[in-house]
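This briefing is meant to be read beside the sequence and the three-dimensional view. It moves through the topics one at a time, and each point can be checked against the display.

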Amino acid sequence: MMGKETGDRIVGEQIVCECRKIKGPVLTRKGAHRAQRYALYGFPTEAIITKKWRIKRA
């Protein structure tokens, strides 16, 4: 499935993006940690999951 609608998300451990222009970074809070947010734009802008997200259990 390809998410093409506003608000669609992809979740992965590693995501590769291709775009023409980039706006950012913006420092954001992710719980107790800090993260960065970038705005990618230009036609077309693509994101591909290259490493599936997994939960490590002890």
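Predicted model: local features only at pLDDT ≥ 70, side-chain atom pairs only at ≥ 80, totals over all residues.

Read along the sequence, the protein follows the pattern β-β-β-β, with zero helices and four strands.

**Strands β2 and β3**

- Strand β2 and strand β3, the latter made of residues 33–41, pair in the antiparallel sense over eight bridges, and within this pairing lysine 23 stands opposite alanine 39 in β3.
- The two strands β2 and β3 form a hairpin with two residues between them, and glycine 31 in the turn has a positive phi of about 70 degrees.
- Of the 10 residues of β2, the number buried is one, and for that reason the strand lies largely in the open.
- Threonine 28 has its place in strand β2, which covers residues 21–30, and threonine 28 counts as buried because its relative accessibility is 17%, and buried means under 20%.
- Once its neighbours within four places in sequence are left aside, threonine 28 is in contact with His33, Arg34, Ala35, Gln36 and Arg37.

**The salt bridge**

- Side chains of opposite charge can pair when their charged atoms come close.
- The structure holds one salt bridge, which lysine 51 forms with glutamate 13, the closest N and O atoms being 3.5 Å apart.
- Because lysine 51 lies in strand β4 (residues 46–51) and glutamate 13 lies in the segment before β1, the pair ties together parts that are 38 residues apart in sequence.
- Both partners are partly exposed, with lysine 51 at 34% relative accessibility and glutamate 13 with a relative accessible area of 38%.

**A nonpolar surface patch**

- Ile10, Ile15 and Ile49 form a nonpolar patch on the surface, and together they have about 230 Å² of accessible area.
- Isoleucine 10, one of the patch members, is found in the segment before β1, a strand that covers residues 14–18.
- Isoleucine 10 counts as partly exposed, because its relative accessibility is 41%.

**Overall shape, burial and contacts**

- The radius of gyration of the protein is 13 Å, whereas a compact globule of 58 residues would have a value near 10 Å.
- Along its principal axes, the C-alpha trace of the protein spans about 45 × 30 × 20 Å.
- Buried residues make up 2% of the 58 residues in the protein, and the accessible surface comes to about 6,100 Å², of which 52% belongs to carbon and sulfur atoms.
- Among the contacts in the protein with a separation of 6 or more, 49% are accounted for by residues 24 or more positions apart.

Notes
Residues numbered from 1 in each chain as written. Heavy atoms only, no water. Patch = residues over 30% accessible without salt bridge, like charges linked within 9 Å, V, L, I, M, F, W, Y side chains within 5 Å. Areas by Shrake-Rupley, 256 points an atom, 1.4 Å probe, with all protein chains shown as cover. Salt bridge = Lys/Arg side-chain N within 4 Å of Asp/Glu carboxyl O. Buried < 20%, exposed > 50% of the residue type's maximum accessible area, 1.4 Å probe, protein only. Contact = heavy atoms within 4.5 Å. Rg over C-alpha atoms; globule rule 2.2 N^0.38 Å. Pairing = 2+ DSSP bridges.
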